[in-house]
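My notes follow in the order I made them.

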Amino acid sequence: MATEEIRVRGTVQGVGFRPTVYRLAKAYGLRGDVCNDGEGVLIRVSGSEEALTEFVARLQTECPPLAKINELTRTPYEGKFNFNNFVISTSVSNAITTEITPDAATCPQCQQEIFDPFSRFYRYPFTNCTHCGPRLSIIRAIPYDRCNTSMSAFVMCSECAKEYHDVENRRFHAQPVACHACGPTAWLERADGKSVTASMFSMLDDVDAVCTLLQKGEIVAIKGLSGIHLACDATQETAVQKLRQRKRRYHKPFALMARDIEVIEEYSIVSAKEKELLASSAAPIVLLQVKERDGYNKSLFTPNSSLLTHNSLHIAPSVAAGQNTLGFMLPYTPLHHLILRRMNRPIVLTSGNLTDEPQCIDNDEAREKLGKIADYFLFHNREIINRVDDSVVRVVGDKVQTIRRARGYAPAPIILPPGFHKVPQILAMGSELKNTFCLLREGEAIVSQHLGDLENAAAFNAYRETLNLYLNLFEHKPEIIAIDKHPEYLSSKLGKELADTNQIKIYQIQHHHAHIAACMAENGIPLDSPPVLGIALDGLGYGNDGTLWGGEFLLADYRKFQRLATFKPVPMIGGEQAIYQPWRNTYAQLIAANLWDDCKQKYADLEIFQFLKNKPLKLLNQLIEKGINSPPASSVGRLFDAVAAAIGIYRDECSYEGQAAIAMEAIVDVSSLNNDKETLIYPFNFSFSDRIYYIDPRPMWQALLNDLQQQIPQPVIAAKFHQGLANAIVEMVKHLSQENLISQVALTGGVFQNCILLEQVSKRLQTLGIKVLTHSLVPANDGSLSLGQAVIAAAQLIHER
């Protein structure tokens, strides 16, 4: 007989792991106990060597659906052992190194129960078990026990308590377990304060009444799992426009929720991989190709009719104007399943907030902030502790590309590559936009959920609150703080403040180096690997020389980098205004390329020239010449804006960064792609100056102006630009490879969320025998910066020691 202590680390709390241990231990006649503690799960067990070996093997192969074992260690047990049977013991509080499970979508068994009239969970909107339900959104502290969650306010009835304590039941130790008799309740309110009852709609209950309200064109604020959403019927243009005006979200696409895959397939093309994502426990928003679009005026770039569907129901044109994708998700809570039971068409389900503010999570806050947006509220009385937005993903090729990592994924840790397993605790503060922060500890990175743009005061306050929550939850006491080099980022200022207050060493990390390091880390590149060539294309980031970078070729490892090449810098006229007025970038590009005089002589009849000449060019020229609020930037994001504006896409104004570029990608003539004819690829120049190579778009602009003069259609011009840019990037890689040993290229930065550019560059590089690293676990955009900052700080610290 042998007696062992088995330590299991990973996602092993609140996921039915202890019942699995209990069941297997009983099957093999073992004695001992299992408990949760701060490190994960601890098993003390005694039995024959053969039985213990088979027990451990089955424990790993029969892991519960939401569980994940990162590490399992077996050591001889030396303490007092007084067990005659196998039992589940009380949780132990000690140093926190275990994980918090992400919120999980309703499992098939719970779905079946809420629609079964003979189940005690029939139509109960908060049904859950160890395989599904709230986790991160309700937790206050670890261990993940009911007393440490917002479910502590609800005392279990005898039936729920019986299931909770029954090791053979799938609700055994499911901390949020509840039912009609003892759990949270949902109710409907009118935004105007007048009374409302479900009976006035002749519905089953308040939840069912929401479906009728949506069908009638009303806007309903729905308190869900980890935040409050605003919903309306996605097929009613009047309702969608009303929502846009009230919410002040005038152009950004709305997310959609549909009852099932069959409804989604009426509107979008859904691959097997995309179906898998939609139906996964994470249940993210998945960007899907529109199935059919009719009457779409690409030259004006405004929709003038709806998306056709097989059942003659139409998606409202303003749901996703200027897009060729729709963001769909499936119901991920019983509440959503019950609302959509009678809904045979999609609904809009967007964050319950004013534009740029954090999503509301509190009932009173929602009444105050959403009272003039929603017509009705569907509230419940389970407190949301941690705000978590919906995740957004898409499939490129056969690989998942994460665009926003939040509900369903965060805060599951990212296991770091070899070499990072003995680093001290590090806090990385992230970026200004699309912010996340990162806690580094014992070989894993805990990246927070998406926290938004910190330039909004409410978002910055929410960032601070979430950071404090994580630091307390994980008992994280950083020895190092990593920040972006940009002196004006609020995250960097807060990092400096925390470092000064706690006398912690601080590392300032260059923006694009962080992008590349994040891509390396999630692809498992070991700490001591030779440098990769990182291509970081984005809006902008603060460069080592004090200028704004955004189109960089960096030879980089985790510790350092060398800037080998970049795009020719062009002034951002008016600074931030250039992000929201794309024409400014067009003019700056034409001036930088010395083509404005040509425009006057050869292209005076072009629409873009007529548009630009009516702008205050004398003032703009003075701003450029004197360097007043017109910083030079090598930004590829602004190059995309410039081209989009030139061909008439959101020329005058955008309501969010990248809107013009996204819209231009949507209209690309795909039949013109994958064609190596020079006539279908815009040319770029290359030059060398001050020990760095430059990509110059001047010849591209000449060719584009000629095409505009020849009245070449927008989709063809857009395709030629994408192909030309991809070709220029690959040609630069080929050139740099002659001077440097390059076997791997990392593609990162927000511009590489452009599927066409990503696929074109990847395919061409792979043809050259170069291994291509791309993002999947974290976004290519600034949402990955905190991970990159953390691993760079760790690598530099290890090197210093």
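I began with cysteine 232, which counts as buried at 0% relative accessibility. Then I looked for a partner. The closest cysteine sulfur belongs to cysteine 211 and sits 13 Å away, too far for a bond. I keep in mind that this is a predicted model.

Next I checked the disulfide count. A pair needs its sulfur atoms within 2.5 Å, and by this rule the count comes to 0 disulfides. Cysteine 107 is in no disulfide either; its nearest cysteine sulfur, that of cysteine 129, is 3.6 Å away. Cysteine 107 is buried, at a relative accessible area of 6%.

**Whole chain**

How does the radius of gyration compare with that of a compact globule? For 801 residues, such a globule would have a value near 28 Å, and the chain has 28 Å, so the two agree. I noted the spans of the C-alpha trace along its principal axes as about 95 × 70 × 50 Å. The chain has 24 helices and 33 strands.

I then looked at burial. Of the 801 residues, 61% count as buried. The accessible surface comes to about 30,400 Å², and carbon and sulfur atoms hold 48% of it. For contacts between residues at least 6 apart in sequence, 73% join residues at least 24 apart. I also looked up the charges. There are 80 positive and 87 negative ones, and their mean positions are 2 Å apart.

**Helix H1**

Is helix H1 mostly covered or mostly open? H1 spans residues 17-27 and is mostly covered, with 8 of its 11 residues buried. I listed the buried ones as Phe17, Arg18, Pro19, Thr20, Val21, Tyr22, Leu24 and Ala25. Their cover includes strands S1 (2-11), S2 (31-37), S3 (40-47), S4 (68-76) and S5 (86-88), along with helix H2 (49-61). After H1 comes glycine 29, whose phi is positive, near 65°.

**Helix H20**

I turned to H20, residues 659-666. This helix is mostly covered, with 7 of its 8 residues buried. The buried residues are Gln659, Ala660, Ala661, Ala663, Met664, Glu665 and Ala666. What covers them includes helices H19 (636-646), H22 (714-739) and H23 (755-767).

**Aspartate 208**

I found aspartate 208 in helix H5, residues 206-215. Aspartate 208 is buried, with a relative accessible area of 3%. Which residues does aspartate 208 touch, leaving out those up to four places away in sequence? I wrote down Arg123, Met203, Leu338, Arg341 and Arg342. I also took a distance to alanine 57. Aspartate 208 and alanine 57 are 151 residues apart in sequence, and their C-alpha atoms are 46 Å apart in space.

**Serine 448**

My last entry is serine 448. Where does serine 448 lie? Serine 448 is in the loop between strand S22 (444-447) and helix H11 (457-473). Leaving out residues up to four places away in sequence, serine 448 touches Arg405, Ala410, Thr436, Phe437 and Tyr470.

Conventions:
Residues numbered from 1 in each chain as written. Predicted model: local features only at pLDDT ≥ 70, side-chain atom pairs only at ≥ 80, totals over all residues. Heavy atoms only, no water. Buried < 20%, exposed > 50% of the residue type's maximum accessible area, 1.4 Å probe, protein only. Helix = DSSP H or I, 4+ residues; strand = E, 2+ residues; numbered from the N terminus. Contact = heavy atoms within 4.5 Å. Rg over C-alpha atoms; globule rule 2.2 N^0.38 Å. Areas by Shrake-Rupley, 256 points an atom, 1.4 Å probe, with all protein chains shown as cover. Lys, Arg positive; Asp, Glu negative; His and termini not counted. Charge placed at Lys NZ, Arg CZ, Asp CG, Glu CD.
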